[in-house]
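Here is a friendly walk through a structure, meant to be read with the model open beside the text. Have a look at the overall fold before moving on to single residues.

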Amino acid sequence: MNIMLLTLSEQAILLLAGLVLFTSFSLLAQPRIVAAIRTFAWQGLLLSIVTVMVAIDTGLHHLYISALLTLLMKAIFIPWLLHRLVHKMEFQREQDILHHPVLVLLAGGILVIFCYSIALPIKQLSNSVTQPIIALSMSMVMLGMLMLITRHKAVSQVIGFMAMENGLFFAGVSATHGMPMIVELGIAFDVFVAAIIFGVFFFHIKDSFDSLDVDHLSSLSESDS
Amino acid sequence: MIDIIDFKGWILVIIQTWMFVFLAPLLVGWLTWLKCHLQNRSAPSLFQPYKNLWRLFHKDVLLPKHASLIFRMTPYIIAGVMLIAASIIPLFVVRMPSSATADVIVLVGFFALAKFFQSLAAMDIGTAFGGMGASREMTVSALAEPAMLMAVFTLAMVAGSTNLSTVVETIISQGLVLRPSLLFAFAGLVLVAIAETGRIPVDNPSTHLELTMIHEAMVLEYSGRMLALIEWSSMTKLMVYGVLICNVFFPWGIAQHHDLYSMFIGFVAVGFKLMLLAVCLVVAETLLAKMRLFRVPIFLSLAFTLSLLGLLSYIILEVG
């Protein structure tokens, strides 16, 4: 689909989708935890704006509810919760260790190309403005996974996990214009509960090891005293 | 197709190139003036860079004892390269005969040539600072060049040509199209321009602090008219990057016909765009602190990622 044939608002959807992918990349390269939480909030905000614009473009009203849910959960509630936890545990200045930031970014680029080639056959099935976004949303899932693998601190792993969930939501919006409402509500509730449980786990990990580095979890308690 | 044997066109090229070169110190003066006002300092006059250059041109050249031919040749090579680079960038009018002779990849090559000779000259004397500066410059430019080329390829794919004049004309003729690829290429190219012209998060142009300087470390041994030529060339380089960014991504107003009225409009438009770009640059420089040298590769890998994203989003989102 040539971008010149689309209307201005449809071009804006694609532009914002590109920006959402960029927030995924900046999450990948951001070692500061507070800044990563802020980037995650931006991602949620952009995602809900894209959803609203798709809703306007396609005239599907249930997408407004999905957009509102995304805004409340991903852009406001979860970032606020993570911020509060980080402040409570006095981790504001904490940085995650990124061993090879340049290699990780390059791997992210390769993952995007991989997802593009995977999504090519899927794109044949749909014929709407959002069809090029399917590849982007799949690569957001992959980038979230890459973030989970490369990070050591529990907080940034949770952000990576939530970014993966954002990618899945985005895939739902772009491929089939949203999921059935019952599924969407269920996922929102799951994410809500998960965020709270993660918070409880943070405190447990911090109490036991005095750090949020999950590498400590793999060492036996008898072996080091 | 652009006609290469066009006498009137070549006169225009000469006028535009000299305007480019003679207005570059004014841009630097305007940057300094803005920056001083933003930081509550009393500002030097807008024409201070001209006075500095004038003063340097009237001083004697002191050559180090062991300076070889390369050291003496380098200022002239750099100045010549920048002059040619200035002649192929459309400043206020497109479709000039000089732009048919070189495209934007050649431009990247010109910059590389200038940097190569500058680093050689810095190492030629054998002082510690020269070698250090050359090594740092090479580190930065080796990482900046792929990022710049990626941004250039994105532009070339959007416009279907690597010729700057054609790129500008294509982007004007398409009107307002929100292209994710151009947004990313723009961001990537801005980061590269900051690194290459030695502005604040990468290098501080106004200090000679030995631990952090990059460009200044390489030109420490120069004096007199040689120093003046090098300083002038780096001002021209800043102007080249500024005009490149303004005219390629925001080409509106540039003259498409060779008549006086549209050229006047083009000149006013590019002046206005450059002034605005300088304001953005100065605000960014005031807000940001210079980063550690070892963070520069991460900064440039961000530039590379942005340019790569531009390329990918062109393929995925715009034609796919």
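## Fold, packing and a few backbone details

Chain B has 11 helices and zero strands; helices (H or I, at least four residues) and strands (E, at least two) are DSSP runs, numbered from the N terminus. Read from the N terminus, its elements run α-α-α-α-α-α-α-α-α-α-α. This is a predicted model, in which local features need pLDDT of at least 70, side-chain atom pairs count only at pLDDT 80 or more, and totals for chains, interfaces and linings use all residues. Residues are numbered from 1 along each chain as its sequence is written, while chains are lettered from A and ligands numbered from 1 in the order in which they are written.

How does the size of chain B fit its length? For 320 residues, a compact globule would have a radius of gyration near 20 Å, and chain B agrees with its 19 Å. That radius is taken over C-alpha atoms, and the globule rule is 2.2 Å times the number of residues to the power 0.38. The C-alpha trace of chain B spans about 55 × 45 × 45 Å along its principal axes. Of the 320 residues in chain B, 47% are buried. A residue is buried if 20 or more other C-beta atoms lie within 10 Å of its own, exposed if 12 or fewer, and partly exposed in between, with C-beta atoms placed from the backbone. Among contacts in chain B with a separation of 6 or more, 80% join residues 24 or more positions apart; a contact means C-beta atoms, placed from the backbone, within 7 Å.

Now to one helix pair. Helix α2 (residues 48–57) of chain B packs against helix α9 (residues 224–249) of chain B at an angle of about 150°, their axes 7 Å apart. This makes α2(B) roughly antiparallel to α9(B), a term for angles over 145 degrees. By class, their contact has eight nonpolar, one polar and two charged residues. Here Ala, Val, Leu, Ile, Met, Phe, Trp, Tyr, Cys and Pro count as nonpolar, Asp, Glu, Lys and Arg as charged, and the others, Gly among them, as polar. L53(B) and F57(B) are among the α2(B) residues that meet α9(B), where the partners include W232(B) and M235(B).

The contact between the chains takes 21 residues from chain B and 25 residues from chain A. On the chain B side, α11(B) gives the most, with 13 residues. That side divides into 14 nonpolar, five polar and two charged residues.

Just after α7(A), D210(A) takes a positive phi of about 60°.

Most residues other than glycine have a negative phi. N40(B), not a glycine, has a positive phi of about 60°, and lies in the loop between α1 and α2 of chain B. R95(B) also has a positive phi of about 60° without being a glycine; its place is the loop between α3 and α4 of chain B. Which of these is buried or exposed? N40(B) counts as exposed, with 6 C-beta neighbours inside 10 Å, whereas R95(B) counts as buried, with 21.

Key. Contact = placed C-beta atoms within 7 Å. Axes fitted to C-alpha atoms, helices over the stretch in contact; angles between N-to-C directions. Parallel < 35°, antiparallel > 145°, perpendicular 65-115°, else oblique.
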